[in-house]
Amino acid sequence: MNILVTGGAGFIGSHLCEKLLSLGHRVLCIDNFNDFYSPSIKRNNIKGVLTNPDFKLFEVDILNQSEINNIFSSYPIDLVIHLAARAGVRPSIAQPLLYEKVNVIGTLNILEACKYNKINKLIFASSSSVYGGSKKIPFSEEDRVDFPISPYASTKKSGELICYTYYHLYSIETICVRFFTVYGPRQRPEMAIHKFTRQIFNKEPIEVYGDGSSSRDYTYIDDIINGIVNMINKVQGYEIVNLGNSYPVKLLELIHL
């Protein structure tokens, strides 16, 4: 299968590209290597696949509509896995306009390219943050998610909605995958496990938000990748899927571990 992965040099994307190649798929990777964290980390993430003849890298921003259209029209694509986004709840509060532009307009650019090139299978990376401050446990795909509490969550909810619109109008069959705090090798440096481990290793104090009693699901990268891979042949209609661990861990317990 010919699979295009946006954000393919990132934490989840690089693991996904490796897995897809190991399964015999051909992978087109789009990444703009932005400076949200060091681009050298992302280049290191994918250095092991650059020489694979079934892998092709495009250093392109998803906001560059003409370049995106050129890629989509120049290669046969059976499925798009759209991971590219500005990530992180707290940074989105500081830069809401940037998050709206990349995560919403960027997603629209991908959907438009799918429409014009008659690509009708898409997996869209959403987030558990769309559940906002919901007290209902466990979270369900059937829950209302109309009360996001960060710009990042709002953009992911918007992405799900626009994916549905393109499914309705143009039959682009889509699975929206809500990831629950992914961790493991290559995790982004600002994320808790990476950050806390680095601070402990360097004997630095750990910055804790709140009283440490907050809890969240932490989902190992291999489980996330297996989940995505198992969806490849099941993209049908429009569906939302929670992909998480269902075992919440309190922040202080995480630090203790």
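The model is predicted, so local features require pLDDT of at least 70 and side-chain atom pairs count only at pLDDT 80 or more, while totals for chains, interfaces and linings use all residues. Residues are numbered from 1 along each chain as its sequence is written, and side-chain values use heavy atoms, without hydrogens and water.

Two packed helices are described by the angle between their axes and the distance between the axes. Helices (H or I, at least four residues) and strands (E, at least two) are DSSP runs, numbered from the N terminus. Axes are lines fitted to C-alpha atoms, for helices over the stretch in contact, and angles run from 0 to 180 degrees between N-to-C directions.

Helix 1 (residues 11–22) packs against helix 8 (residues 221–231) at an angle of about 60°, and their axes are 10 Å apart. Helix 1 is therefore oblique to helix 8; angles under 35 degrees count as roughly parallel, over 145 as roughly antiparallel, 65 to 115 as roughly perpendicular and the rest as oblique. The contact (heavy atoms within 4.5 Å) involves residues including Phe11, His15 and Lys19 of helix 1 and Ile221, Asn226 and Val229 of helix 8. By class, the contact of helix 1 with helix 8 has 9 nonpolar, 2 polar and 1 charged residues. Here Ala, Val, Leu, Ile, Met, Phe, Trp, Tyr, Cys and Pro count as nonpolar, Asp, Glu, Lys and Arg as charged, and the others, Gly among them, as polar.

The axes of helix 5 (residues 96–116) and helix 6 (residues 151–170) come within 9 Å and cross at roughly 15°, so these two helices are roughly parallel to each other. Among the residues that make the contact are Tyr99, Glu100 and Leu108 of helix 5, and Tyr152, Ile162 and Cys163 of helix 6.

Gln187 lies in the loop between strand 7 (182–183) and helix 7 (192–201). Leaving aside neighbours within four places in sequence, Gln187 is in contact with Phe11, Val182, Ile193 and His194. Gln187 is buried (under 20% relative accessible area; exposed is over 50%, partly exposed in between, with a 1.4 Å probe and protein chains only), at 5%.

Finally, the whole structure has 0 disulfides, a disulfide being a pair of cysteine sulfur atoms within 2.5 Å. The sulfur of Cys176 is 4.5 Å from the closest cysteine sulfur, in Cys163, which is too far for a bond. For Cys114, the closest cysteine sulfur is also in Cys163, at 8.9 Å, again too far. Cys176 is buried, with a relative accessible area of 0%, and Cys114 is buried at 1%.
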